Amino acid sequence: MHAPFNFDVEIGMNKFTFNRGIWEKGQELPEQMENEEHFDYLERVGYSTNSVSYGTEGRERLEIFENQANHTFFALISPTGQKSFKVYIPDFPSYMLFIKDYGSSFAANGADSTQKEIMETLGKLFRAEHGHDWSEMCHLCDPVAWRRWNEAQEMPIDS
Ligand SMILES: [Zn+2]
């Protein structure tokens, strides 16, 4: 029986190094062992499990880990929440360039998701308070339009 196809292991196309603005294939870090969880691996090769993340959990997301001993960085990037790409960032200037180039795109996506959540929550709150969708009206949220609408309904069709 075949193991499920693993793009990460079979092709290794998900490992890159971002060195002073230049993208390179592969990484000089030790290999991840078979059956080793990704976070266990990062800890083993020196990266703090404290991370900074941009974007949204389970969606477009960028997570950055720092090695406290040699001040290299490791970025885990998930463009759509499916597959992860692993980027080794060998020094601080490279990190700064990386964040400058890519941080804002993920941060904007995260802010967008947060705003959508806020709008959904407000929509639910509105419905609970008014008993109707925010795009409709009642005597509380739009008294003038509500009165006009009712007056129009009460007007006899033929006078
Ligand atoms: Zn209302």
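Strands E5 (73-78) and E6 (85-89) form a hairpin with 6 residues between them, and Gly81 in its turn has a positive phi of about 90 degrees. Helices (H or I, at least four residues) and strands (E, at least two) are DSSP runs, numbered from the N terminus. The model is a predicted one, in which local features require pLDDT of at least 70 and side-chain atom pairs count only at pLDDT 80 or more, while totals for chains, interfaces and linings use all residues. Residues are numbered from 1 along each chain as its sequence is written.

E5 and E6 run antiparallel and are joined by 5 bridges; two strands are taken to pair if DSSP finds at least two bridges between them. Within this pairing, Phe73 stands opposite Ile89 in E6. E5 also pairs with E4 (61-67), again in antiparallel fashion, through 6 bridges. Here Glu63 has Leu76 of E5 as its bridge partner. E4 and E5 form a hairpin with 5 residues between them. His71, in the loop between these strands, has a phi near 55 degrees, a positive value in a residue other than glycine. His71 is exposed, with 11 other C-beta atoms within 10 Å. On this scale a residue is buried if 20 or more other C-beta atoms lie within 10 Å of its own, exposed if 12 or fewer, and partly exposed in between, with C-beta atoms placed from the backbone.

The largest nonpolar core has 16 residues, of which Leu62, Phe65, Phe73, Phe74, Ala75, Val87 and Ile89 touch the most other members. Two or more residues each come from strand E3 (47-55), E4, E5, E6 and helix H3 (92-130), and E5 gives the most, with 4 residues. Such a core is a set of buried Ala, Val, Leu, Ile, Met, Phe, Trp, Tyr and Cys residues joined through C-beta atoms within 7 Å. Residues up to four places away in sequence aside, Phe73 touches Ile64, Phe65, Glu66, Ile89 and Tyr95; contact requires that the C-beta atoms of two residues, placed from the backbone, lie within 7 Å.

Thr49 lies in strand E3 and is exposed, with 9 other C-beta atoms within 10 Å. Apart from its neighbours within four places in sequence, Thr49 is in contact with Phe39 and Glu43. The C-alpha atoms of Thr49 and Phe74, 25 residues apart along the chain, are separated by 11 Å. A further positive phi, near 65 degrees, occurs at Asn35, in the loop between strand E2 (22-25) and helix H2 (38-44). Asn35 is exposed, with 6 other C-beta atoms within 10 Å.

The C-alpha trace spans about 90 × 45 × 25 Å along its principal axes. Buried residues make up 13% of the chain.

Mean pLDDT, the predictor's confidence in each residue from 0 to 100, is 88 for the chain, and 91% of residues reach 70 or more. Among the elements, helix H1 (residues 7-11) has the lowest mean (47) and strand E1 (residues 15-19) the highest (96). Over residues 1-10 pLDDT stays under 50, and the model has 3 contacts beyond four places in sequence for them. Where pLDDT is low, the predicted coordinates should not be read in detail.
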